[in-house]
Amino acid sequence: MNFDPQKPFNDLPPLPPRADIETRPILKSCIAAHAALAELRQAGNLIPNPSVLINTIPLLEARDSSEIENIVTTTDALFRQASLNEKNADPATKEALRYRTALRRGFDSILRQPLSTNTAIEICRIIKDTQIAIRNTPGTKLANPATGAVIYTPPEGETVIREKLANWERFLHEQQEIDPLVRLAVQHYQFEAIHPFADGNGRTGRVLNILFLIQTGLLETPILYLSRAILQTRRDYYRLLLQVTREGAWEPWIAYMLRCIEETARWTTQKIHAVRRLMAHTADHVRLAAPTSYSHELVELIFALPYVRIANLVEAGLAERHRAGYHLRELARVGVLREIRAGRQKLFFHPKYFALLTSDEHDFAPYDMPEEPAPKERKGQRRWRKAHAE
Ligand SMILES: Nc1ncnc2c1ncn2[C@@H]1O[C@H](COP(=O)(O)OP(=O)(O)O)[C@@H](O)[C@H]1O
Ligand SMILES: [Mg+2]
């Protein structure tokens, strides 16, 4: 194989790789990653209202996956934008939010039809917000951002690219005897090496990874926060991708992806358990401190929307406008929400939940619970107590 970073890599070998990709160490890591994913799937089912996780974890994923590409925003800006859709939000935040939209639409789409080149195009168009298509002009190169040195030039020629994508697509569906997690790692390298678009390949590929897990039944919903591990080890990610091209070094690449999957599956599982604990604790607190505003549905809503508006309660059918405003102010009075202003809009922020979602830790400081009112002492009892007091 002839690899010159400056020349379009039209010799990119088709899948499956010729190397042994199911070595003993890889199969061992596979078992661990599968176990972690199975736990995540179960944890996902512990929270009965699916919008709690589907509204939040993909936003965390969107932030990190965008940051891998130096599109940097804060989780706070992203959650705000998800609630408010402000026209003047900064471009990076809007772009990261589109990643979340792409993940959602991709999820809808694979429920109808299997993953394909067309799914990839659809995803990339949403992320980039343009009618991007398979590259048909030369000039796309991957360069080291610091030095500008070219590290990889993807294949050129639309026909060549389409052929390679067709092979990639067949590999997704036909190589059933290869462990699905190994297939995930292999197809991700291949998709990135084909690099079918002028831009957006990294993010599109990472959305495809999550969709592939759903397609193969390893996840039910897009709740794995996989880009977290990749962002934390971004240099390894780039280095190992390149080593597959240069040296056919599949094993370290696959092992790397398996580790990322296992680690983030564990992290996400722990986070879900913590969210569940905080939901139960918040319900107890609201029931005692603001009983006239307590309802199970309201508690779920403020966990689906860390930034919530009166209109959200009305839309969810929880209360009419006036009453909805009262409930949110009650939750603010007892310290669960914080009222903020965003232009002309009133917004309620859920600080403890937000802190838990964005923290590396999975614990939280409990609310000061009002003590349950003590039962009244009867006259005789009081006299008896006083008589016996020392
Ligand atoms: N040596 C390499 N070979 C193949 N793909 C690579 C290599 N190095 C990086 N990549 C992939 O290219 C992506 C960046 O491509 P790009 O089209 O700019 O994506 P995005 O627009 O999402 O930023 C990286 O996230 C990575 O997945
Ligand atoms: Mg880019």
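Reader: What share of the contacts with a separation of 6 or more comes from residues 24 or more positions apart?

Author: In this predicted model, residues 24 or more positions apart account for 69% of those contacts.

Reader: And how many of the residues are buried, as a percentage?

Author: Buried residues make up 38% of the 390 in the protein.

Reader: How many helices and strands?

Author: There are 17 helices and 5 strands. The C-alpha trace spans about 95 × 50 × 40 Å along its principal axes.

Reader: Next, domains. Where do the bounds fall?

Author: The domain assignment gives domain 1 as 24-270 and domain 2 as 274-370. Taken over C-alpha atoms, their centres are 32 Å apart.

Reader: How many residues does each domain put into the contact?

Author: Domain 1 puts in 14 residues and domain 2 puts in 16. On the domain 1 side, α2 (51-54) and α4 (75-84) are the elements that give two or more residues. The most come from α4, with 5 residues.

Reader: What classes of residue are on that side of domain 1?

Author: The side of domain 1 that touches domain 2 has 6 nonpolar, 7 polar and 1 charged residues.

Reader: Switching to the largest nonpolar core. Which members touch the most others?

Author: The core has 97 residues. Those touching the most other members are A185, L224, W253, I254, M257, I261 and I302.

Reader: Which helix gives the most to this core?

Author: Helix α12, residues 250-289, gives the most, with 13 residues.

Reader: Last topic, ligand 1. Which residues come nearest?

Author: E69, E192, N201, G202 and R203 come nearest, out of 17 residues around ligand 1.

Reader: How does the shell divide into nonpolar, polar and charged?

Author: The shell around ligand 1 divides into 8 nonpolar, 5 polar and 4 charged residues.

Terms used:
Residues are numbered from 1 along each chain as its sequence is written. Chains are lettered from A and ligands numbered from 1 in the order in which they are written. This is a predicted model: local features need pLDDT of at least 70, side-chain atom pairs count only at pLDDT 80 or more; totals for chains, interfaces and linings use all residues. A nonpolar core is a set of buried Ala, Val, Leu, Ile, Met, Phe, Trp, Tyr and Cys residues joined through C-beta atoms within 7 Å. A residue is buried if 20 or more other C-beta atoms lie within 10 Å of its own, exposed if 12 or fewer, and partly exposed in between; C-beta atoms are placed from the backbone. Helices (H or I, at least four residues) and strands (E, at least two) are DSSP runs, numbered from the N terminus. A residue is near a molecule or strand if its C-beta atom, placed from the backbone, lies within 6 Å of it. Ala, Val, Leu, Ile, Met, Phe, Trp, Tyr, Cys and Pro count as nonpolar, Asp, Glu, Lys and Arg as charged, and the others, Gly among them, as polar. Domain bounds come from an automatic or database domain assignment. Two residues are in contact if their C-beta atoms, placed from the backbone, lie within 7 Å.
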